[in-house]
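Me: I've just opened this one and would like a walk through it, please. Could we start with the words we'll need?

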Amino acid sequence: MTIRRREPENLVRAHGLDLRLLHPWPGLDTPFRGAWCVLRPGDVTEAHAHHEREMFIALSGRAEVVCGDGRYELAAGDIALMRAGVEHHIVNGHREDFSYYAIWWGPQMAAEFLAGRPGAAS
């Protein structure tokens, strides 16, 4: 068993929030990527869209996900799923940190993962 700790001292500031990339890591290959993310009060992430789907799993606090023309409240225990190609960002207008786990995946990541597996077709 491997346990990956939150390691708050290892968060880095990027894209308007504090984060730590968790997938991949040595000894673990996955068909997806993931990051532990923390929005401090007043933080707004950079608006972006990408080719992959993305899922946010809210761990603590509250924030608003702005996705396309909609604004959606997200709180601890909630899960948000964004389709590929939709511009989105997150706003923490509250007085406490908003922590979440972001996971993103797409066909290219799956193909890279499968290509690295024993017996995979090339």
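Reply: Two strands are said to pair if DSSP finds at least two bridges between them, and strands themselves are DSSP runs (E, at least two residues) numbered from the N terminus. The model is predicted, so local features need pLDDT of at least 70 and side-chain atom pairs count only at pLDDT 80 or more, while totals for chains, interfaces and linings use all residues. Residues are numbered from 1 along each chain as its sequence is written, and side-chain values use heavy atoms, with hydrogens and water left out.

Me: tell me about E3, how many of its residues are buried?

Reply: Six of the seven residues in E3 are buried, where buried means under 20% relative accessible area, exposed means over 50%, and partly exposed lies in between (1.4 Å probe, protein chains only). E3 is joined to E2 by five bridges and runs antiparallel to it, with Leu21 having Ala35 as its bridge partner in E3. With E9, E3 pairs over seven bridges, again in the antiparallel sense, and Val38 has Ser99 as its bridge partner in E9.

Me: switching topic, which strands form the three-strand sheet?

Reply: That open sheet has the order E6-E5-E8, with antiparallel pairing. E6 (70–75) and E8 are the edge strands, each pairing on one side only, and the twist from one strand to the next averages 25°. Strand E5 (residues 62–67) pairs with E6 over six bridges in the antiparallel sense, and Ala63 has Leu74 as its bridge partner in E6.

Me: what about pockets, what volume does the largest pocket have?

Reply: Its volume is about 350 Å³. A pocket here is an open set of points on a 1 Å grid over the protein atoms alone, with protein on both sides within 12 Å along at least five of seven lines, and lining residues have an atom within 4 Å of a point. Of the 18 residues lining the largest pocket, those closest to its centre are His15, Leu19, His48, Glu54 and Trp104. By class, the lining has nine nonpolar, six polar and three charged residues.

Me: last one, what does the side chain of His50 contact?

Reply: The side chain of His50 makes a polar contact with the side chain of His48 at 3.4 Å. A polar contact is a pair of N or O atoms within 3.5 Å; within protein, one must be able to donate a hydrogen and the other to accept it, and residues adjacent in sequence count only if both atoms are side-chain atoms. The side chain of His50 also reaches the backbone oxygen of Glu52 at 3.1 Å. His50 is in the loop between E3 and E4, and it counts as buried because its relative accessible area is 19%.

Technical notes:
On a 1 Å grid over the protein atoms alone, a cavity is a set of points where a 1.4 Å probe fits but cannot get out, and a pocket is an open set with protein on both sides within 12 Å along at least five of seven lines; lining residues have an atom within 4 Å of a point. Grid points are joined across faces, edges and corners, and a volume is the space filled by probe spheres set on the points. Ala, Val, Leu, Ile, Met, Phe, Trp, Tyr, Cys and Pro count as nonpolar, Asp, Glu, Lys and Arg as charged, and the others, Gly among them, as polar. Helices (H or I, at least four residues) and strands (E, at least two) are DSSP runs, numbered from the N terminus. Axes are lines fitted to C-alpha atoms, for helices over the stretch in contact, and angles run from 0 to 180 degrees between N-to-C directions.
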